[in-house]
Structures are given as structure tokens and as C-alpha cells.
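User: I would like to learn how to read salt bridges and their surroundings in a model. Could you take me through them step by step?

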Amino acid sequence: MYEGLESNLPHVLMQFSDAPFPKGTQLFASRENVMEYLENYAQEVNHLISFNHEVIDVALKRDKKGQTWEVAVRNLDTNETQVESFDAVIVANGHCDWPLLPDVEGLDEWSRAFPPSLHHSVSYKNALPFMGK
């Protein structure tokens, strides 16, 4: 996320019903405020979050006691696979986490010829690299 980024909707519309933003938060919260809010909110469930894992399968299992979600994952660091059961599943796929460049004729050749001149917005942090250009 780039420096100076602010949300595009009022924080009162994006807050969780059981956790308001701190008093004094500007109407369109900064990225730092949003990040801090989400990190604080997630503290009690942080032990349930797995990073750097590939989901292999998610299956709803029903029995006489009810239903659970069986989730099979592969740890991308160790390559180990494991299966766990949960009451609920949240899909957080991070679709904005990597650059997706359009298929434009000549773009690959341009990138090879002038490597520092091609930028994707996902890597934008501030305007300093473009000053004076």
C-alpha cells in the first residue's frame, strides 16, 4: 500500500459491529489506522490464521452431530499436508497481492529493453522514483 493512502469509504461503514474504530479516527481512515484496527481485531483469532499455506481441498462434512468444514492444506515452507475440521471457513485469497499485466503487443520486449521503466501499481509506494521525470 502506498504512502498517504486513505480508505474510500467512511470508517463507520467498514467497522465490525462489535468493534468501532477508536474515537478521533478521521472519517476516511488512513492505511495505518485501518491496519492497526484489523490487527487489533484479529488478535484473539490470530492463532487460527495460517499464512504461507496452499488450500488443497475444502469439503463440507455432515453427520448426526451437525456439520463441519474439513480443510486440507499444504505448508509451502515444509511441503507437509494436513487436514483439520472447522465450524466455518473464510476465503481470503489476496487477489490484489501480485501484479497482473495485460497482454499488450510489444510489452515484453519493452520490459526487457528498459527494465526499470515498467511499473505496476501493486509496487507503488510513493512518487520519489519519478521525481524530475
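Analyst: We begin with exposure: a residue is buried under 20% relative accessible area, exposed over 50%, and partly exposed in between, with a 1.4 Å probe and protein chains only. This is a predicted model, in which local features need pLDDT of at least 70 and side-chain atom pairs count only at pLDDT 80 or more, while totals for chains, interfaces and linings use all residues. Residues are numbered from 1 along each chain as its sequence is written, and side-chain values use heavy atoms, with hydrogens and water left out.

User: How many salt bridges does the structure hold?

Analyst: Side chains of opposite charge can pair when their charged atoms come close. The criterion is a side-chain nitrogen of Lys or Arg within 4 Å of a carboxyl oxygen of Asp or Glu, and the structure holds 3 such salt bridges. One of them joins glutamate 109 to arginine 112 at 3.9 Å, N to O; glutamate 109 is partly exposed at 47% relative accessibility, whereas arginine 112, at 60%, is exposed.

User: Where do glutamate 54 and arginine 74, which meet in a salt bridge, lie?

Analyst: Their N to O distance is 2.6 Å, and because glutamate 54 lies in strand 1 and arginine 74 in strand 2, the pair ties together parts that are 20 residues apart in sequence. Strands here are DSSP runs of E with at least two residues, helices are runs of H or I with at least four, and both are numbered from the N terminus. Glutamate 54 is partly exposed, with a relative accessible area of 35%, and arginine 74 is also partly exposed, at 25%.
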